[in-house]
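Please look through the sequence and the model below before reading on.

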Amino acid sequence: MRPGAVVSGTFRAATLSNYIEVARQVGLDPYQMLRRVGIDAQVLSHPNLLLSPMRVARLFEASAEASDCPDFGLRMAEARRISDLGVVSLLILHLATLRDVLDTTVRYRSLLSSALALHLEETGDVVEVKEELVIEFDEPAIQCYELAIGILLRVFRTILGVKWQPISVHFSHPRPERAQLHRKLLGERVEFGSEFNGLICLKTDLDQPNASADPNLARYAAQFIDSLHDVGDTSLSYEVRKSIYLLMPMGGATVPRISRSLGLSERTMQRRLANEGAEFSELVNGVRRELTERYLANASYSLTRIAEMLGYGQLSSFTRWFVSEFGVSPSLWRDRKHAAPSMLMSTRAAK
């Protein structure tokens with residue numbers, strides 16, 4: 001592995017907790033789909049086993065395509081229960097406020113998914129809750145994002161009530177052909193082709209008291225969770241990479257900003273990265289490459305907008321960087337990528 005390279009995170013097998021049920025509802029043979037992507041069905045009986053996010057993403061995308069259900073991930077979110085989050089749910093249900101819940105989700109992210117990144121950006125009276133999944137996957141992981149954000153809303157409504165609505169919900173991927181379930185579950189203001197994945201809510205929502213809060217039960221649950229050996233077991237370079245994913249579209253992928261988001265001094269972060277054989281600049285460049293490919297795949301993003309989202313003040317600066325990394329201009333790269341599926345479909349039709 002080259003210096004600075006970071007292995008993808010993992011999903012718990014609990015991510016598939018209601019896959020069988022939803023797959024059957026849309027007419028699929030769930031066990032055949034699992035075999036198709038190389039996932040042993042026996043993992044469903046062991047929710048804490050670790051799975052490759054790439055295989056899970058491939059399973060969800062293949063299931064959406066095979067069933068002609070572009071909302072497959074949301075269907076899974078609709079059927080989820082807070083208890084499907086595992087031991088962390090014991091704590092979430094008894095915390096004082098939603099802000100405490102989100103902070104706890106970040107703290108115990110390795111017990112949910114080490115590929116999950118969550119960040120709160122407070123501006124005036126509103127809060128952007130940004131959610132990223134750091135997945136080594138060569139296609140947009142649309143169903144994974146819709147499942148993750150659907151679960152996030154389920155958490156919000158568990159604390160704030162089932163009728164609670166966000167100001168808006170955001171997805172970076174394009175609008176699907178059918179979005180009725182999106183409006184039903186997520187509210188009327190669902191924005192696609194957005195600059196981030198997540199939701200916007202009122203700042204006061206985060207500090208509303210949880211009617212089910214019980215400090216004693218919360219303390220006992222935290223003590224139990226802290227006794228588990230794998231709490232916080234991901235590398236710093238991986239955590240830095242997740243923070244870069246979240247903060248780069250806001251121009252925040254800098255050493256000071258990232259170190260503050262992780263609660264570290266700049267010097268400490270740099271030293272610990274060096275001990276892991278990683279460099280901050282290489283991590284930033286790797287994430288920038290991955291986000292570039294994601295953004296270019298979205299035809300609604302202009303090259304100027306993409307340049308801004310990647311932290312460039314001028315399109316010309318972005319173009320120079322892109323050519324040095326990919327060997328062609330961003331416009332030519334995009335044209336080739338968009339032409340490839342058409343050529344593949346023509347080949348299949350000819351056969």
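The pLDDT is the predictor's confidence in each residue, on a scale from 0 to 100. Helices (H or I, at least four residues) and strands (E, at least two residues) are DSSP runs, numbered from the N terminus. This is a predicted model, in which local features need a pLDDT of at least 70 and side-chain atom pairs count only at pLDDT 80 or more, while totals for chains, interfaces and linings use all residues. Residues are numbered from 1 along each chain as its sequence is written, and side-chain values use heavy atoms, with hydrogens and water left out.

**Confidence**

The chain has a mean pLDDT of 84, and 90% of its residues reach 70 or more. Confidence is highest in β5, at a mean of 96, and lowest in helix α17 (residues 330-350), at a mean of 65. Over residues 1-8 the pLDDT is below 50, and this stretch has 20 contacts in the model beyond near neighbours in sequence. Over residues 342-351 the pLDDT is also below 50, but that stretch has zero contacts in the model beyond near neighbours in sequence. A contact here means heavy atoms within 4.5 Å.

**The sheet**

Strands of a sheet pair through backbone hydrogen bonds, either parallel or antiparallel. Two strands are taken to pair if DSSP finds at least two bridges between them. In this model, five strands form an open sheet with mixed pairing, in the order β3-β4-β7-β5-β6. Its edge strands, β3 (116-123) and β6 (190-191), each pair on one side only.

Strand β4 (residues 126-133) has antiparallel partners in β3, through eight bridges, and in β7 (residues 198-202), through five bridges. The table lists some residues that stand opposite each other in these pairings.

| Residue | Opposite residue |
|---|---|
| Glutamate 122 | Valine 127 in β4 |
| Valine 127 | Cysteine 201 in β7 |
| Lysine 130 | Glycine 198 in β7 |

The hairpin of β3 and β4 has two residues between the strands, and glycine 124 in this hairpin takes a positive phi near 60 degrees. Strand β4 is mostly covered, since six of its eight residues are buried, where buried means under 20% relative accessible area, exposed means over 50%, and partly exposed lies in between (1.4 Å probe, protein chains only).

**Helices around the sheet**

Helix α7 (residues 142-160) lies across β4, β5 (168-170) and β7, and runs at about 140 degrees to β4. Axes are lines fitted to C-alpha atoms, for helices over the stretch in contact, and angles run from 0 to 180 degrees between N-to-C directions.

Helix α7 also packs with helix α3 (residues 53-67), at an angle of about 100 degrees and with the axes 7 Å apart. That angle makes α3 roughly perpendicular to α7, because angles of 65 to 115 degrees count as roughly perpendicular, those under 35 as roughly parallel, those over 145 as roughly antiparallel and the rest as oblique. Ala57, Phe60, Glu61 and Ala64 in α3 meet Ile142, Gln143, Cys144 and Leu147 in α7.

**Two single residues**

Is serine 243 buried or exposed? Serine 243, which is found in helix α11 (residues 236-247), counts as buried because its relative accessibility is 11%. Leaving out residues up to four places away in sequence, serine 243 touches Ile258, Ser261 and Leu262.

Aspartate 68 is found in the loop between α3 and α4 (72-78). Aspartate 68 is exposed, with a relative accessible area of 52%, and has a positive phi of about 55 degrees although it is not a glycine.
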